[in-house]
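These are my notebook entries on one protein chain. I record below what I looked up, entry by entry.

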Amino acid sequence: MPSSKKNPTLDDVSKTIIELLQEDGRRSYSDIGRAVGLSEAAVRQRVQRLTDAGIMQIVAVTDPMQLGFRRQAMIGIRVSGDTRVVAEEIAAIQAIDYVVITVGAFDILAEVVCEDDEDLLALINDSIRPIDGVLSTETFIYAKLQKQLYNWGTR
């Protein structure tokens, strides 16, 4: 979800709806309605407005290992020229699921989920390195995912 330059103002009810869905994305609208004092229809409308505005997404999170994707990695990318242009090209690569522009040792970080090491090598050599502006890459292979949460709440 792209960030806007201005943070949206959310009332306490919308914040609670988001937090309840972060705990359990399958929670029913009627259950949420009871928790926040709204009807099921009102919750459905709020959720729709929040998703339409890009404030939240409701998605199924899978375990890549159980789906045959045995290699996960973070790739640090150094760039010359406009980092935003390179980041857009990298984000368009289907195997890449996370792209951020940074201001540290790397200009871009990209998270990838691949079937195996050969798939990872092909992705780096055939898709990432040929992009104009990519100077170098450094790959950090995940040995074990220790923690990943999606319940950071609202402000």
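This is a predicted model: local features need pLDDT of at least 70, side-chain atom pairs count only at pLDDT 80 or more; totals for chains, interfaces and linings use all residues.

**Entry 1. Confidence.** In the protein chain, helix α1 (residues 12-23) has the lowest confidence, with a mean of 92, and α4 has the highest, at 98. For residues 1-5 I noted a pLDDT below 50; this stretch has four contacts in the model beyond near neighbours in sequence. Over the protein chain the mean pLDDT is 89, and 92% of the residues reach 70 or more.

**Entry 2. Helices α1 and α3.** Next I turned to the packing of helices. Two packed helices are described by the angle between their axes and the distance between the axes. For α1 and α3 I recorded an angle of about 85 degrees and axes 11 Å apart. With 65 to 115 degrees counted as roughly perpendicular, α1 is therefore roughly perpendicular to α3. On the α1 side, the contact is made by V13, S14, I17, I18 and L21; on the α3 side, it is made by V43, R46, V47 and L50. By class, I listed seven nonpolar residues, one polar and one charged in the contact of α1 with α3.

**Entry 3. Helices α2 and α3.** How do the axes of helix α2 and helix α3 cross? Helix α2 (residues 29-36) and helix α3 (residues 40-52) cross at roughly 100 degrees, and their axes come within 8 Å. This makes α2 roughly perpendicular to α3. From α2, the residues Y29, S30, I32, G33 and V36 meet E40, V43, R44 and V47 of α3. The contact of α2 with α3 has five nonpolar, two polar and two charged residues. I noted that V43 and V47 of α3 take part in the contact with α1 and in the contact with α2.

**Entry 4. The sheet.** In which order do the four strands of the open sheet lie? I read the order as β2-β3-β1-β4, with antiparallel pairing. At the edges lie β2 (96-101) and β4, each of which pairs on one side only. On average, neighbouring strands of this sheet are turned by 20 degrees against each other, direction ignored.

Entry 5. I looked up which helices lie against the strands. Helix α4 (residues 83-91) lies across β1, β2, β3 and β4, and it runs at about 170 degrees to β2. Helix α5 also packs on the sheet and touches β1, β2, β3 and β4. The direction of α5 makes about 20 degrees with that of β1.

**Entry 6. An aromatic pair.** I found one aromatic pair. It is formed by F106 and F140 in an edge-to-face arrangement, with 5.9 Å centre to centre and 85 degrees between the planes. Because F106 lies in the loop between β2 and β3 and F140 in strand β4, the pair ties together parts that are 34 residues apart in sequence.

**Entry 7. Residue G133.** Finally, I located G133 in the loop between α5 (117-128) and β4 (134-141). Leaving aside residues up to four places away in sequence, G133 touches R78, V79, S80 and V86. The C-alpha atoms of G133 and E19 are separated by 40 Å; along the chain these residues are 114 residues apart.

Technical notes
Residues are numbered from 1 along each chain as its sequence is written. Side-chain values use heavy atoms; hydrogens and water are left out. Helices (H or I, at least four residues) and strands (E, at least two) are DSSP runs, numbered from the N terminus. Contact means heavy atoms within 4.5 Å. Two strands pair if DSSP finds at least two bridges between them. Axes are lines fitted to C-alpha atoms, for helices over the stretch in contact, and angles run from 0 to 180 degrees between N-to-C directions. Angles under 35 degrees count as roughly parallel, over 145 as roughly antiparallel, 65 to 115 as roughly perpendicular and the rest as oblique. Ala, Val, Leu, Ile, Met, Phe, Trp, Tyr, Cys and Pro count as nonpolar, Asp, Glu, Lys and Arg as charged, and the others, Gly among them, as polar. pLDDT is the predictor's confidence in each residue, from 0 to 100. Rings of Phe, Tyr and Trp (its six-membered ring) pair if their centres lie within 6.5 Å; planes under 30 degrees apart count as stacked, over 60 as edge-to-face and the rest as tilted.
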